[in-house]
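Hi,

Here is the structure I promised to send over. Have a look at it first, and my notes on its aromatic rings follow below.

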Amino acid sequence: MTIDLAAYAKEKGVKYFMISFTDLFGGQRAKLVPAEAIADMQEDGAGFAGFATYLDLTPAHPDMLAVPDPSSVIQLPWKPEVAWVAGDCVMEGEDVAQAPRNVLRRLIAEAADEGMHVKTGIEAEFFLLTPEGDEISDPFDTADKPCYDQQAVMRRYDVVREICDYMLELGWGPYQNDHEDANGQFEMNWEFDDALRTADKHSFFKFMTKSVAEKHGYRATFMPKPVEGLTGNGCHAHISVWDAPGSQSKVNIFAGEGEGQTGEVGLSERGKHFLGGIMKHASALAAITNPTVNSYKRINAPRTMSGATWAPNTVTWTGNNRTHMVRVPGPGRFELRLPDGAVNPYLLQAVIIAAGLSGIRSEADPGKRHDIDMYAEGHKVRGAPRLPLNMLDALRAYDRDKGLKEAMGEEFSAAYLKLKQDEWNAFVSHFSTWEKQNTLDI
């Protein structure tokens, strides 16, 4: 049953709604709408000039309307008079095909038509920095191996506790929080869910984490590699496919007695082919899962202070081994370790489904399983592609991958490639301190 947002406001004491959408670069855009006006907005949507955000639109385009999806509404636990609701972008009565949430919704429907319902859980890592963003917020967090450091996590207990309390209040099922492998870095986990719900929660989690950090005088960042020499922010995705959505699901389609090396680690034949699609499209996938110039300082990083980057650089898969791009930690699911903290929550889920459906339709084989330590023995692997070295290489790989471009949508793909190429051009036009230091006296 559809939630009536006006009635919701009266019942919950909500005075304002944030009607929010996420643009191609992962920017969260919103209008603050008084509860007295939400009935009309629920029907017609809130108006935006799409050109003013990172969408491939012009000032001449008509209004873009973000129509709230009432099933996504979340009352802000730290400011209960406000509720956040995800919007679906519409223009002149039609879905805006390049809008990330619409891309995901379309792919979810495609998968459902084939009897598959993707469920995911994500591991969102972030740093707590000083407000200026130039230093780790905790001056005592200096250990070479700070992962799971109980003193360090307790020094930021107030922030971590508040965020976790809110997730408990929202019914997300958070189950563990820890200090991660880099100084100043944290990870918080909650239960897996249907892909769209996970994307909405992921989007809201980033907003909530930044808001709570600001309240405590810190700055939370999901930037892939915010501190040179330290482990970067990953956003690992745990993926399974089921026979029905939500609580109706009974059968994990990925679980079963498959054959060969995938069957040995608990993946069914369809699970094998879904994984095969991820492996087949991996280099192009990086353009979405690792969307910034900075992203490639994480997946192509030299040895970090802790001794490991915890990020892949080669297209390989394995069993329960964290040194590869894909890990199968147990029957019926696998973990994609490629994405980073800058990934667009909706495009992450969309590209996983697009690549997986491609693999199932073509009965793609994921290739040989490698169970070695890739950090120590990766040089022994022959024939496995290296991941892109930079954003330009990733964009070119995506542009060459006709199948993945088509699956994600031609309008989306054209818009994404155009705006990301503009971003790359802006980067290479920038004059850096490094250039002067290394070239001034030549």
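This is a predicted model: local features need pLDDT of at least 70, side-chain atom pairs count only at pLDDT 80 or more; totals for chains, interfaces and linings use all residues.

A term to start with: buried means under 20% relative accessible area, exposed over 50%, and partly exposed in between (1.4 Å probe, protein chains only).

Residues are numbered from 1 along each chain as its sequence is written, and side-chain values use heavy atoms, with hydrogens and water left out.

Now the rings. Rings of Phe, Tyr and Trp (its six-membered ring) pair if their centres lie within 6.5 Å; planes under 30 degrees apart count as stacked, over 60 as edge-to-face and the rest as tilted. Searching the whole structure gives 21 aromatic pairs. One of them is W172 with F204, edge-to-face at 6.2 Å centre to centre and 75 degrees between the planes. W172 counts as buried at 4% relative accessibility, and F204 does too, at 0%.

F205 and F222 also form an edge-to-face pair, with 6.3 Å centre to centre and 75 degrees between the planes.

Lastly, two lysines. A charge sits over a ring if NZ of Lys or CZ of Arg is within 6 Å of the ring centre and within 35 degrees of the ring normal. K31 has its charged end over the ring of F48, 5.4 Å from the centre, while K420 lies over the face of F25, 4.2 Å from the ring centre.

Best wishes
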